[in-house]
2 protein chains.
Amino acid sequence: MPIADKMVKMVESASMIRKMFEEGIRMREKYGADNVFDFSLGNPDVPPPTIVKQTLLELIDDKATSHGYMPNPGYPHVRKAVAEYLNKEYHVGITSDLIVMTAGAAGALNDILRALLNPGEDILTPAPYFVGYNQYAFVAGANLKTIATLENFHLDLDAIAAGITKNTRVMLINSPNNPTGAVYNKEELSGLAKLLEAASQKFGKRIYLISDEPYRKIAYDVQVPCVFDVYPHTIVLTSYSKELSLAGERIGYLAIHPDAEDADLIAGAAGVANTMMYVNAPALFQQVVGKLQGVTVDIEIYRKRRDIFCEGLKEAGYELDIPKGAFYLFPKSPIEDDVKFVKLLSEQNILAVPGAAFGGPGHFRLSYAVPDKTIKNSLDGFKKALNSVK
Amino acid sequence: MPIADKMVKMVESASMIRKMFEEGIRMREKYGADNVFDFSLGNPDVPPPTIVKQTLLELIDDKATSHGYMPNPGYPHVRKAVAEYLNKEYHVGITSDLIVMTAGAAGALNDILRALLNPGEDILTPAPYFVGYNQYAFVAGANLKTIATLENFHLDLDAIAAGITKNTRVMLINSPNNPTGAVYNKEELSGLAKLLEAASQKFGKRIYLISDEPYRKIAYDVQVPCVFDVYPHTIVLTSYSKELSLAGERIGYLAIHPDAEDADLIAGAAGVANTMMYVNAPALFQQVVGKLQGVTVDIEIYRKRRDIFCEGLKEAGYELDIPKGAFYLFPKSPIEDDVKFVKLLSEQNILAVPGAAFGGPGHFRLSYAVPDKTIKNSLDGFKKALNSVK
């Protein structure tokens with residue numbers, strides 16, 4: 001085999017996803033784009049706020065704007081702007097040397113895992129979980145160990161405590177969650193912090209909490225608690241992919257709590273990991289987000305879609321939790337075999353992702369980063385698919 | 001230790017480089033920017049061609065321009081533009097599915113090494129070599145094995161043939177070369193191809209040639225030979241960092257020869273590696289370079305600097321080859337200990353990098369991606385440093 005052994009499986013699953021995309025394209029060609037209901041992708045369709053375009057135009061016209069290398073962890077003025085924003089929002093007392101600008105949250109996660117983990121160490125994460133975590137763990141040469149969540153997709157603290165061993169280096173959480181939309185509350189996060197501290201003491205090895213927060217600003221009626229408040233040994237990572245609809249530009253950052261054990265050393269290692277992986281976060285968009293701290297797309301667009309979709313699916317007879325954040329629904333599959341049910345949905349020209357892909361079998365994921373009318377016009381198909389298995 | 005064991009050494013060397021940067025800043029503050037001669041960085045100071053700005057402005061004003069996710073290996077229309085350009089220039093008959101858009105040449109190299117190498121396999125590269133190769137080999141979990149070049153920094157084919165074992169998967173070359181500026185000629189590349197083919201047969205394992213070509217367009221009086229012409233099992237990778245002065249934007253690509261063994265499989269694996277590392281090459285700059293195939297900064301600016309610098313150093317008494325490409329000089333250190341000589345240069349406010357950092361001890365690297373006057377005003381200091389060891 002001319003490619004790396006471990007890549008073979010990765011290529012196979014990627015080719016399954018590609019086949020799904022191609023099926024979507026084939027369906028659009030056959031039935032017309034308006035008659036295909038594609039909920040399979042987490043690619044924001046809401047355009048970036050108009051100030052993004054204005055800022056881009058100003059920067060491109062400004063002779064001081066650079067397209068060259070900057071220090072690998074990012075422009076000092078951009079890291080400072082991020083630190084100031086975090087301090088204003090969360091009063092964490094962070095300094096710019098604890099911020100690393102990254103190629104989105106994926107780049108941030110690769111950086112921090114590379115920095116923290118020796119090959120063969122464990123990353124714990126609650127399931128269902130974002131499918132990319134398998135890939136990032138693979139890149140770091142680490143093991144991804146999943147811990148089932150409660151019925152409502154919240155943290156099962158007992159199960160997490162039972163899952164930690166001397167091999168655990170990192171607990172990785174994602175709230176608001178992809179694929180479930182769950183937002184962890186302060187109480188469960190405090191409980192998590194307590195058990196991580198206890199386990200760190202027990203095993204004589206610091207366990208770090210990594211909080212992957214690209215959907216923090218996409219939340220409805222709740223304030224997403226700041227994980228920095230509950231556990232100092234925390235690294236927060238995020239991107240502007242969803243909050244500014246810039247997913248393809250690969251811009252985000254990681255931020256290390258100033259009281260984290262060996263915070264400076266970790267920041268240094270994460271900056272070096274940056275250099276090793278892709279050198280630096282893209283220059284122009286670093287300069288853009290440096291000017292747009294706190295700016296967010298109009299969340300009401302997503303809220304409206306969530307409400308239409310949840311109501312429609314409930315009315316059709318589906319069982320689902322109404323998510324408090326992100327732009328995904330994760331309904332229960334009416335039959336045990338979620339892969340089979342997703343196939344039945346596709347007969348109604350509806351594209352969804354089986355829960356099994358996220359370590360959450362018996363469910364399926366729907367992204368509502370799509371126009372309202374796609375949601376409305378799909379509801380009849382959802383009814384038919386459900387009736388076909390009743 | 002809270003960070004990964006293998007990162008400790010990486011962080012130490014990075015902190016040495018950072019100290020050098022900080023020393024540069026300190027010197028500029030102390031002596032004034034005009035009195036410090038910083039030749040340590042390969043960061044193009046020549047601005048991007050004006051058409052880059054124009055293209056950016058047009059794209060940002062165009063509603064069809066996307067900032068969202070595209071297929072992970074890149075926009076189909078951009079990959080097609082690259083394939084068409086390569087076919088026009090090199091008549092290789094490449095198709096767009098064999099192109100992957102990447103986060104610069106570093107991203108491309110990480111992608112292709114991840115795709116091809118099982119952990120523990122060997123990458124062979126001629127020394128002196130670009131210092132980043134150590135890091136990319138580390139990311140892939142592979143071994144970087146260096147082979148000394150001839151006196152003039154050209155390929156020592158006998159040494160390469162002797163260095164190949166059954167553990168070798170990849171031969172990695174970089175021409176025009178960083179740090180030496182050497183440009184390999186067609187004859188030595190043909191010789192390399194022959195020995196790679198013979199070794200592949202001997203060990204029953206295809207050895208791929210990776211040609212890292214970010215300086216291809218920065219060449220003087222020579223046509224850089226196309227490696228695709230000599231060996232079909234070749235992957236070319238490059239970036240627009242130097243040819244369009246966009247180093248900080250992280251935009252480049254890899255291209256797989258259509259006749260390479262299992263070309264499609266490798267393209268698939270490289271695309272998946274892209275996804276795993278940083279998801280995709282930045283969206284806006286993919287769209288920019290899609291429109292600017294074949295555009296290059298004004299090479300005459302670099303040629304002039306090379307000529308002033310080579311003449312000045314030779315006149316001062318330094319021994320050096322006049323490089324045919326890239327924007328580096330790699331003179332012989334007048335004393336054996338290049339680290340010590342670089343320290344002597346810094347006493348003249350001249351910043352250079354010891355050859356030892358590139359696996360080329362007894363030399364030092366000077367980047368002439370700096371204004372002409374920096375070169376001219378430094379020559380007196382170079383003379384003094386040389387005289388101090390005579």
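Me: What should I know about the model and its numbering?
Reply: Residues are numbered from 1 along each chain as its sequence is written, while chains are lettered from A and ligands numbered from 1 in the order in which they are written. This is a predicted model, in which local features need pLDDT of at least 70, side-chain atom pairs count only at pLDDT 80 or more, and totals for chains, interfaces and linings use all residues.

Me: Which helix gives the most to the side of chain A that touches chain B?
Reply: Residues are in contact if their C-beta atoms, placed from the backbone, lie within 7 Å; 58 residues from chain A and 59 residues from chain B take part. Helices are DSSP runs (H or I, at least four residues), as are strands (E, at least two), numbered from the N terminus. Among the elements giving two or more residues to the chain A side are α1 (5-31), α4 (104-116) and α8 (263-277) of chain A. The most, eight residues, comes from α8(A).

Me: How many residues of α4(A) are buried?
Reply: A residue is buried if 20 or more other C-beta atoms, placed from the backbone, lie within 10 Å of its own, exposed if 12 or fewer, and partly exposed in between. The helix α4(A) is mostly covered, and the number of buried residues is 13 of its 13.

Me: Which residues touch the most other members of the largest nonpolar core?
Reply: A nonpolar core is a set of buried Ala, Val, Leu, Ile, Met, Phe, Trp, Tyr and Cys residues joined through C-beta atoms within 7 Å. Leaving aside neighbours within four places in sequence, Ile112(B) is in contact with residues including Ile210(B), Leu237(B) and Ala270(B). Of the 262 residues in the largest core, those touching the most other members are Ile112(A) and Ile112(B).

Me: Which element gives the largest share of the side of domain 1 of chain A that touches domain 2 of chain A?
Reply: An automatic or database domain assignment supplies the bounds, dividing chain A into domain 1 (5-49 + 298-388) and domain 2 (68-291). In chain A, 28 residues of domain 1 are in contact with 29 residues of domain 2. The largest share of the domain 1 side, four residues, comes from α10(A).

Terms used
Contact = placed C-beta atoms within 7 Å.
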